[in-house]
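Thanks for making time this morning. I would like to walk through a few contacts with you, so please have a look at the model first.

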Amino acid sequence: MFTVRRIILAALITASAMALFASAAPARVQSLVPQQSLRGLKIGMVASQVRAVAGTPSINKIVSHPLLGKTRRMRFGKVEVTFRGTSATAPVVNLTTTSRNERTSGGIGVGSSERALAAKLTGERCVTELGYRHCYLGKWRAGYVVTDFSISKAGRVTQVTLGLVID
């Protein structure tokens, strides 16, 4: 009987500890770090590094790009990765997502309102150019990285792009 009590006590202690850890809300996973990364992927990575982080792409193809010529494009669910060229050493120049799962630490991502975006980000600039509404961080100058949030007519983020400005 003494052993049964010990087992029950050990089970209660374990259950209490599990409940304590389960009740603590997990920190929001930051899969979008403006100006730095998207789902752990970064501008400048090469294909082998992208695969090491993201796994096997669902799509891996060569496409024509209006500025870069032939480029490699990989897709991992709703995240698209574009490389500057087709070689194994071609660097990533663009990361785009339409997934609602990719969020900043403040919860900003696809589906967020422009108002929420403005409240949670620092240094963003929102403009309408040729009918295209977007908010961005960074400089639109060759060699700089820009994080761009496409905004729908309804005022919500529809796409997030982290890209290297080419020209």
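Ser37 has Lys42, in strand 3, as its bridge partner, and this is a predicted model, in which local features need pLDDT of at least 70, side-chain atom pairs count only at pLDDT 80 or more, and totals for chains, interfaces and linings use all residues. Residues are numbered from 1 along each chain as its sequence is written, and side-chain values use heavy atoms, with hydrogens and water left out.

Staying with that pair of strands, strand 2 (residues 37-38) and strand 3 run antiparallel to each other and are paired over two bridges, where pairing requires that DSSP finds at least two bridges between two strands. Strands here are DSSP runs of E with at least two residues, helices are runs of H or I with at least four residues, and both are numbered from the N terminus. Three strands make up an open sheet, in the order 1-2-3, with antiparallel pairing, and its edges are strand 1 (32-33) and strand 3 (41-42), each of which pairs on one side only.

Let me turn to the charged side chains. The structure holds four salt bridges, a salt bridge being a side-chain nitrogen of Lys or Arg within 4 Å of a carboxyl oxygen of Asp or Glu. Which residues are linked in a network of salt bridges? They are Arg73, Arg75 and Glu80: between Arg73 and Glu80 the closest N and O atoms are 3.5 Å apart, while for Arg75 and Glu80 the N to O distance is 2.9 Å.

Another salt bridge is formed by Arg133 and Glu114, whose closest N and O atoms are 2.6 Å apart. Because Arg133 lies in strand 9 (residues 132-138) and Glu114 in helix 3 (residues 114-120), this pair ties together parts that are 19 residues apart in sequence. Arg133 is partly exposed at 25% relative accessible area, whereas Glu114, at 19%, counts as buried; buried means under 20% relative accessible area, exposed over 50%, and partly exposed in between, with a 1.4 Å probe and protein chains only.

Finally, the cysteines. A search of the whole structure finds one disulfide, that is, a pair of cysteine sulfur atoms within 2.5 Å, and it joins Cys126 to Cys135 with an S to S distance of 2.0 Å. The link of Cys126 and Cys135 is right-handed, with 110° about the S-S bond. Cys126 is partly exposed, at 24% relative accessible area, but Cys135 is buried, at 0%.
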